[in-house]
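Work through the exercises below with the sequence and the model in view. Each task is followed by its solution in steps.

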Amino acid sequence: MQDYFHALADTITAHLRGQEVYTCTFRGEDSDFVRFNRSAVRQAGTVRQRALSLDLIEGQRHATGNVVLAGDLQQDGARVTRLLEGLREQLPFLPEDPHLLYATEVGSSTAADRSELPERAAAVDAILRAGRGRDLVGLYAAGGIYVGFANAFGQRNWFASYNFNCDWSFYFQGDKAVKTAYAGLRWEADAFDRQVDAAAAQLEALGRPPQTIPPGNYRVYLAPAAVADILDMLAWGGFGLKAHRTKRTALVQMTEAGRRLHPEVTLRENTREGVAPNFDTAGFIKPGQVTLIDAGGLGDCLVSARSGKEYGVPTNGAGSGEAPESLDMAAGQIPARQVLAQLDTGVYVNNVWYLNYSDRASARVTGMTRFATFWVESGAIRAPLNVMRFDESIYRMFGDNLLGLTDERAFLLDGSTYRRRSTGSSRVPGALVRDFTFTL
Amino acid sequence: MSDPIEAHFRQVVPAVDFCSLRLVSERSEMLVVRQDVLQPVVTSEDRGAMLTVWDGGGMGYAATSDLSPSGLRQAIDEARQWAHESAAHSVVDFSKIVMEPPQGDYASPETEPWQNVSLADKIDLLQRECARLNIDPRIVDWDASLWHTDVDTLYLTADGGRVHQLFRTLVPSLSATANDGPETQTRTFGGRGYCRQGGLEILDRLGFRQAAPRIAEEAIQLLLAPNCPSDTMDVLLAPDQMILQIHESIGHPLELDRILGDERNYAGTSFVSPDMFGTYRYGSDLLNVTFDPTQPQAFASYGFDDDGQPAQHAYLIRNGILQRALGGLTSQVRADVPGVATSRACSWNRPPIDRMANLDLEPGDASLDAMIAAVKRGIFMRTNCSWSIDDSRNKFQFGCEWGQLIEDGRLTTVVKKPNYRGISATFWRNLAMVGNRSTLEIMGTPFCGKGEPNQMIRVGHASPACLFTNVEVFGGE
C-alpha cells in the first residue's frame, strides 16, 4: 500500500506545471465490522475504502479536491490526473490565500505495524461465547488503517496500523448495563477473558434494586471513561489557537479573566505515546508533546498550519479542528484501589453520555450518567443508580471541587467510526469530586 | 443513468436468496468566507458500492471503492462469505423477509442549478454577506458559507429491481460571534438548520441575503443581555428549536432498531416499547407528527429508502396518540410493529439502519401573535445551540442562542443563555398551542449521528412554532 501511494504521489509530481506545487493526504482502511445484539450477529461486513485529498498550489492561490480511489494504480493514476486538471482550472478564479502555509522542509517518516490481527472467525466466536447466557450488544471492528502524506518537495510520510476494537455492553435489563472494550494489535484470549469476567462481576451488582436520588450536590467518583468523555467535550474548541483568539473557547474565563483549574490538572497532547499519525495534512511533523493545561494554568494551544499563519504563531501540526488526538491527563495521588473508600458515600460514575455545553463561556457542561453507575455508602457499592442528568462547570469539577485524581490511568482507544475508524486515544485517571451537581 | 456497473453486477450475481448493489456517487463543494477571507475551496468526489447478500438466513455486506468487474466480484464473494458465517448466529432470520423488486426513480426539484452560477459569483455573494456581519468592533469572528452536494444513487437487486435517485442539497450558513471580556455570544442563521433539497433558488426562499445584519445585531444584543432567569414558566419555541425538540425526543425514541436493542451499546435504547403503538398518549391532542418523504425541497425527501422500499406519507402520532414507528421493512418484521420506509445509509460504505427522514410536526391554527398573547409569564426561544438527552430519550436539556421574555402577553427583555429541561414522556402532553402555517419552517440537519459503525446522515424537519406550559427554564452563570 505504501508503494502504491508513493507511485500515486510520483504521478502527481510528474504532471505539475510551471511553479505549481502540491500537498496530498491519503487515507484508507480495510475494516471488518461485526455488529452484535442479544448475543447474536446483527450485521456483518467489510469496508474497503481509499481516498486522496490533493491541494494544488501556485503562489498563494490553491484549491483542494478530495477523490475516492479504487486501490488500483492504473485506474487511480487517471483519476488523480483528472483531479489535478480540475483544480488547475479553478485556480485563476480564486483569490490569493493570505493564510496558506505548508511545510517546505522535507521530513519523511514511516510508522507501520505488522499485522498480527486475529482470524475474524476466531474473534467472532470468542465474542459469541462471552455473550452466552448474557445479553451482549456491541461492535467488533478490525483491520488495517493507512494514512499517507506527500508533497512536491519529495516529502513522504506513511502510517499503517492493524488493530481491533471490540466495544460491547452486557445488559442486565432496561437501561442497566456494563460497558467495556477490549482493543489492541494482537488478540490474547486470557486478556479478553479477564475483561469479560470483570464486566460480568459488575453486571451482578446491577441485579440489585436500582436507586433514585433527588437532584442536588453529591460526592462522585468519575471513572477514567467518564473523565475522558468530559475532557473530550472540553477538547471541542477548548484548546485550539483559533478558538482562543476568537474568544469562542470554553476556557474563555481562563484566557480573559485569569481563572485556573486545580493544580493537579495537567493536560497534554501526547502524540509520542498515542496511536495517531505524527504528521498533518500540510506536511508538518507534530512535536512529541504539547502541554495544554499546566498545573491548572493555561499552557500552549494546538495550532494548525492555517491558524499559525493567520495569527503569526508557529504551528505544532494540529489538524484544522485544532482538537487533541492523543489527550493525556497526568495521574494524581489517590491509590486506585482506595477509590471506593475515599468516595465513602456518593455516586460511582463509570460512563457519561451525550455531553454538551449549557453555558460555554462558563465551561458548564450537561450530560447524563449511563451504563453502570452506582450508589456507594461507607465505601461499598449499595445499588445501581437510575440515570441522572448533571450540569456542572469544568472550573468546579476540575477546579475548586476536585478532591484528587487516581494514581493509575486508563489508556482508551477512541472507538469512533464516523466515515472511517479513528486513530484517536486518551490516557486519563479517575477523578474524585465533591458537590457535583445533578439536576434531573 | 446508465452505468456500466449495472451490467457488471448482472454478470456476477451469485445464486443466493437475495443480492443487491447500492452505488452511491456524491459530489460536494464547500465555500466558506471567514473574516472576509475565502477559505480553501474544497471539492469532493466520492463513489463506491455496497454489495449485500442474504443466504441461508444470514446476511453479509461488502463495501468497496473498486468498481471494476474484479472489484465487484471480490465484494460479492466477501458479502456471501459473511452471510454464510453469520447464518447460524444471526439475530434476524433473513429468510423470513421478502423484498419485492422495486422499480422507480426520484430527483430533487431544482430551478437554479448550482453549476449555472460561476464559482466567482458564488464567492462574491459570500464575500458580501460575510462583510455585512462585521458591524461592530465587538464582533470577533464571522463567516458565511454554502455547502452544495449532488448525490446520485442506483439500487439494483438480483431479481430485477432498479431504483435511480438524484439528490441535490444546499446548506447555507451565517455566523457572528461577539465578545466582551470573559463573555462570548454567537448568533447564527438557524444553526445549520436551514438545509434543503434544491439549487440556489433556496437562498431567496430562506432570506439568506437579508439575514446578515440582523444576525450580527442580535449577537451584540445578547452580549449586553441579562442571563435567562430560572423558573418554571411557559415556553414558546421557534421552528429552529422545535426541529431539535422533535428530532431528539420524538424521532429517536420512535426508531425501531433502538426499540429492538440494536443501538444499546452506542446511541441508546428508547422509553417506547412495541406495545405502545396504537394506544400510547405521546402528547396533547394538538400533537400530530408525520413521516413525509414527499415534501418538495425538504432535506430528506426520497422516493425509496436504501432497501428499495417505496416511501409514503404516514402519521406517526395523530391527535397525541402513537401510531407507528420509524423503522424499515427488516425492523417491522422483527418487531411486528407498523413502520415506514426509513432504512437508510449515510453512504456506500455503511449498511442501512433505521433513521429519521423528514419527520414533521403538522401545523395548527394559532398565529405567533396569538401564542405570545396567551402567555402571562414565559419565554420565546430561538435557534438551538445545545442538546443533550439520556440514552432512553427521556430526560432532555436543550439550550438556545436567543431568548426573549414574554410578560403579560408581550415580548419584553432579551436574555442570554436560555436553557430548559424536561422529560419526553410528559413534556409533549404540555403542548398547549401549535402555530399555523405562517409560523412553519422547513428545516433539517446534515449531522444526525447513530449506528455501529457510526453514520452521519441528513434529516429533514418541518415545524411551526409551539407553546408549552410548565417548563423548567434556566440560564447561565
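A residue counts as buried under 20% relative accessible area, as exposed over 50%, and as partly exposed in between (1.4 Å probe, protein chains only). The model is predicted, so local features need pLDDT of at least 70 and side-chain atom pairs pLDDT 80 or more, while totals for chains, interfaces and linings use all residues. Residues are numbered from 1 along each chain as its sequence is written, chains are lettered from A and ligands numbered from 1 in the order in which they are written, and side-chain values use heavy atoms, without hydrogens and water.

**Exercise 1.** Decide whether B:Ser28 is buried or exposed, and find what B:Ser28 touches.

Step 1. Leaving out residues up to four places away in sequence, B:Ser28 touches B:Val42, B:Thr43, B:Ser44, B:Trp147, B:His148 and B:Thr149. Contact here means heavy atoms within 4.5 Å.

**Exercise 2.** Describe the salt bridge between A:Glu310 and B:Arg34.

Step 1. Apply the rule: a side-chain nitrogen of Lys or Arg lies within 4 Å of a carboxyl oxygen of Asp or Glu. In A:Glu310 and B:Arg34 the closest N and O atoms are 3.0 Å apart.

Step 2. A:Glu310 belongs to helix α8 (residues 305-311) of chain A and B:Arg34 to strand β1 of chain B, so the pair joins two chains.

Step 3. A:Glu310 counts as buried because its relative accessibility is 19%. B:Arg34, at 6%, is also buried.

**Exercise 3.** Describe the salt bridge between B:Glu110 and B:Arg168.

Step 1. The N to O distance is 2.8 Å.

Step 2. B:Glu110 sits in the loop between β5 (103-107) and α3 (119-131) of chain B, and B:Arg168 in strand β7 (residues 162-180) of chain B; the two are 58 residues apart, and the pair links distant parts of the chain.

Step 3. With a relative accessible area of 22%, B:Glu110 is partly exposed, whereas B:Arg168 is buried at 17%.

**Exercise 4.** Find the salt bridge between domain 1 and domain 2 of chain A.

Step 1. An automatic or database domain assignment sets the bounds: domain 1 covers 2-205 and domain 2 covers 216-438.

Step 2. The count between these domains is one salt bridge. A:Asp97 and A:Arg306 form a salt bridge, with their closest N and O atoms 2.8 Å apart.

Methods. Helix = DSSP H or I, 4+ residues; strand = E, 2+ residues; numbered from the N terminus.
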